[in-house]
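Hi everyone, thanks for making time today. Let me put the structure up on the screen, and then we can walk through it together.

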Number of protein chains: 2
Amino acid sequence: MNVFLLFSGGKDSSLAGLILKKLGYNIIAVNVSFGVYPFYKYAKHVADLLGYEFMILEMNKELLEKIIETIIKTGKVSKALNLLHKLSIEEVIKRYDAKIIADGIRRDDKVPNLSISEIRSIEDRYNVEIVSPLKGLGYKTLRSLVNRYFIVEEDYSDRIKKSDYEAEIRYYMKLKGIDIYRYFPRNHKQSRVVGLKNQSRGGSSFFR
Amino acid sequence: MNVFLLFSGGKDSSLAGLILKKLGYNIIAVNVSFGVYPFYKYAKHVADLLGYEFMILEMNKELLEKIIETIIKTGKVSKALNLLHKLSIEEVIKRYDAKIIADGIRRDDKVPNLSISEIRSIEDRYNVEIVSPLKGLGYKTLRSLVNRYFIVEEDYSDRIKKSDYEAEIRYYMKLKGIDIYRYFPRNHKQSRVVGLKNQSRGGSSFFR
């Protein structure tokens, strides 16, 4: 059974995919892109490494403008990222006729996050399943699972090469001359998966 | 790494254990018992079947009296079962020096359930991890996973042979001549795992 996994190449969506793969699902990693900068290539590398199929979900540049407008208007990224996450799920359903959609949202995540009623509303309207395998796991459990399975690179948001929602939003805001540090924290550590530890596959594999 | 799993022998706690086992944990299934009636034997059968270690967490009969008092006072089982779940987690931590405690709570469960702040409070006070692997899964996803891995027997609460919190509470309330249908629904369907489908082990195995 196919699961369409919203995928950034970071450790959370990578681990969500790993859990679902172990449960017998076929993982199709979907990376959201507005076509402004090809950040998706980092997600694709990780998807290849983990043995997930990979697709780019190209979203409208007008939506990106609207997302940035919302960030500036609300002064925060939370509402905009939640909206984008919800729209991404709906786009995956409509475009690929997806029946099962997964994400890497954790128990302690504030953003992006959907309420149980928002999730159920999407499930009922489209007759689909939404699965968040990390939703019952705290940061300690996640840290130990990530260490068990992945080799991870950590760095600050500006330098890390990964392709989450924020990457392209920040990039485009900078292009437009907006001071992104009014909205995004300056020293926010991010991470991405750069290798798989050997217990998950035949041998350890790296890429940089 | 050992995970102490609060375990009834039903499909939810069985599946929670299966997911954690696939992630490399050693499962110690813990069944709560007040020593009134040996319902634990049903949980033990399922634990044996699934390859989980098994322990009985014997709880004080005074606690059972208090639980029943709470049910009668509040007119509902929800508050009492939440209290019992929380106390069970704390007892597992104290008695077995457990570092990781898991349960089979689902996304759509109302009872038993702990709020995120209650969970974090226990995690911080005792320096432990609490893991709910089914917390991000809806009923459709659970149904398809249960069907993929388990052979399940379904029946009404009164007839099913399993060992969740309710079994002994209902039994003891009946012994005391209390009309349990003032508090528990009469036609509530329950289920327990009676076999494993062959993809999870060498062959399919049954017990009745």
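Let me start with a question: is B:Lys99 buried, exposed or partly exposed? With a relative accessible area of 45%, B:Lys99 is partly exposed; here buried means under 20% relative accessible area, exposed over 50%, and partly exposed in between, using a 1.4 Å probe and protein chains only.

Before going on, some housekeeping. This is a predicted model, where local features need pLDDT of at least 70 and side-chain atom pairs count only at pLDDT 80 or more, while totals for chains, interfaces and linings use all residues. Residues are numbered from 1 along each chain as its sequence is written, chains are lettered from A and ligands numbered from 1 in the order in which they are written, and side-chain values use heavy atoms, with hydrogens and water left out.

Back to B:Lys99, which forms a salt bridge with B:Asp97, the closest N and O atoms being 3.6 Å apart. By salt bridge I mean a side-chain nitrogen of Lys or Arg within 4 Å of a carboxyl oxygen of Asp or Glu. B:Asp97 is exposed, at 52%. Over all chains, the structure holds 28 salt bridges.

A network of them links A:Arg107, A:Asp108, B:Arg120 and B:Glu123. Within it, A:Asp108 and A:Arg107 form a salt bridge with their closest N and O atoms 3.0 Å apart. A:Arg107 counts as buried at 5% relative accessibility, whereas A:Asp108 is partly exposed at 22%.

Now the sheet of chain B. Five strands make an open sheet in the order S3-S2-S1-S4-S5, with parallel pairing. Strands are DSSP E runs of at least two residues and helices are H or I runs of at least four, numbered from the N terminus; two strands pair if DSSP finds at least two bridges between them. S3 (53–58) and S5 (129–131) of chain B stand at the edges with a single partner strand each, so one side of each is left without a neighbour in the sheet. Further in, S1 (residues 2–6) and S4 (residues 100–102) of chain B are joined by 2 bridges, and B:Phe4 has B:Ile101 as its bridge partner in S4(B).

Last stop, chain A: A:Ile122 lies in helix H5 (residues 116–126). How buried is A:Ile122? Its relative accessible area is 0%. Contact means heavy atoms within 4.5 Å, and beyond four places in sequence A:Ile122 has contacts including A:Ile89, A:Ile93 and A:Leu114. The C-alpha atoms of A:Ile122 and A:Ile89 are separated by 8.7 Å.
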